[in-house]
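Please find my notes on this model below, as numbered points. They begin with the pocket and then turn to the strands and the rings.

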Amino acid sequence: MFRRKNTQNHGEDDYLQQKAKVAKLRAAIGPLTERGSKYCTDACLRRYLVARNWNVIKATKMMEDTLKWRAMYRPEDIRWPEVEHEGETGKVYRAEFYDRLDRIVLVMRPGKQNTNSAEGNVRHLVYMLENAILNLVEGQEQMSWLIDFRGWSYGTSVPVRTAREIVNILQNHYPERLGVSFLYNPPRIFETFYKAVKYFLDPKTAEKVKFVYPNDKDSVELMRSYFDIENLPNEFGGKATLEYDHKEFSKRMLEDDIKSEKFWGSAAKASYFANGNTKAEVVPEQVLLPQVNA
């Protein structure tokens, strides 16, 4: 007698396997402080597992490295007054509109580069990443990037070394946070710069990068599929007028700094591992789930 395949049971099995792997990753990390527990939610652990194709050993190493990085770099303790000078021209800021999936939108305008500080640029971007995550709508874990290339040149671009550091931070410490990145109307000369940066991109991340051009029909349709054209700024092919107001944006960031401090607690308690634990351990796996795409 033949049995018909039950796709519902198959889906439930996958869910249970994934849930078990989340539990296994949590056990491998070990005891965490209050701040560490706030960061390592089940959703967070799942993102690290997805980034490592559900391999618990690799996800454990990735998570361990992130927790060490966060304890040292303390991204959640960066405050707007520290990086405000980097944002004066509006080269990176959080938009007040969302994409069609209710994802936070970060607008980037590399042609507005205003400093030569590699560390300043990195800390400013990390601050904006943390701010975007702080303001995600319930049930949404990712953000969209809109990159406006007006005014961009090699003279205004960050060095490849800095770009590589940014890519490393994004891929290794903010896995599965980027939903899509639109490079809007980049000049031909940018292709050389991108080739140098793409070398460091994970294939999953590279797939999320979309080159779009205002005179290309497919590009226009792509933008319309992700954004409401009425809310999209005209510099990205939409109908809205968008002006960056640094004074007003600074007010929003200062309000968010208060919200961030309430959530994370005292900066004096910035450790993540409890009882001095800094080494996660995990028993080698025998069976791995099939690769899960981002």
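1. Helix H11 (246–264) gives the most to the lining of the largest pocket, with six residues. In this predicted model, the other elements that give two or more residues to that lining are helix H2 (34–39), helix H3 (42–51) and H6.

2. The largest pocket holds about 590 Å³ of space. Its lining comprises 30 residues, and those nearest the centre are Ile-133, Leu-134, Arg-177, Phe-263 and Trp-264.

3. Phe-263, one of the residues nearest the pocket centre, also takes part in a charge–ring contact: the charged end of Lys-38 sits over its ring, 5.2 Å from the ring centre. A second contact of this kind places the charged end of Arg-123 over the ring of Tyr-73, at 4.8 Å from the centre.

4. How many of the residues of strand S3 (residues 143–148) are buried? Six of the six are, so S3 is largely enclosed by the rest of the structure. In a regular strand, side chains alternate between the two faces of the sheet. Here Met-143, Trp-145 and Ile-147 point one way from S3, while Ser-144, Leu-146 and Asp-148 point the other way.

5. S3 has parallel pairings with two strands. Strand S2 (residues 104–108) is joined to S3 by five bridges, and Val-107 has Leu-146 as its bridge partner. The chain passes from S2 through helix H6 (residues 118–134) to S3, a β-α-β crossover that is right-handed. H6 is also one of the elements lining the largest pocket. With strand S4 (residues 178–184), S3 pairs over six bridges, also in the parallel sense; there Ile-147 stands opposite Leu-183.

6. The structure holds 22 aromatic pairs. One of them is formed by Phe-190 and Phe-211, with 6.4 Å from centre to centre and 50° between the planes, and is tilted. This pair links distant parts of the chain: Phe-190 belongs to helix H8 (residues 190–198) and Phe-211 to strand S5 (residues 209–212), 21 residues apart.

7. Phe-211, at 29%, is partly exposed. Both belong to a cluster linked by ring pairs, together with Phe-149, Trp-152, Phe-193 and Tyr-194.

Key:
Residues numbered from 1 in each chain as written. Predicted model: local features only at pLDDT ≥ 70, side-chain atom pairs only at ≥ 80, totals over all residues. Heavy atoms only, no water. Phe/Tyr/Trp six-rings, centres within 6.5 Å; stacked < 30°, edge-to-face > 60°. Helix = DSSP H or I, 4+ residues; strand = E, 2+ residues; numbered from the N terminus. Buried < 20%, exposed > 50% of the residue type's maximum accessible area, 1.4 Å probe, protein only. Lys NZ or Arg CZ within 6 Å of the ring centre and 35° of its normal. Pairing = 2+ DSSP bridges. Right-handed = clockwise from strand over helix to strand, strands pointing away. 1 Å grid on protein atoms, 1.4 Å probe; cavity = no way out; pocket = protein on both sides within 12 Å on 5 of 7 lines; lining within 4 Å. Points joined across faces, edges and corners; volume = space filled by probe spheres on them.
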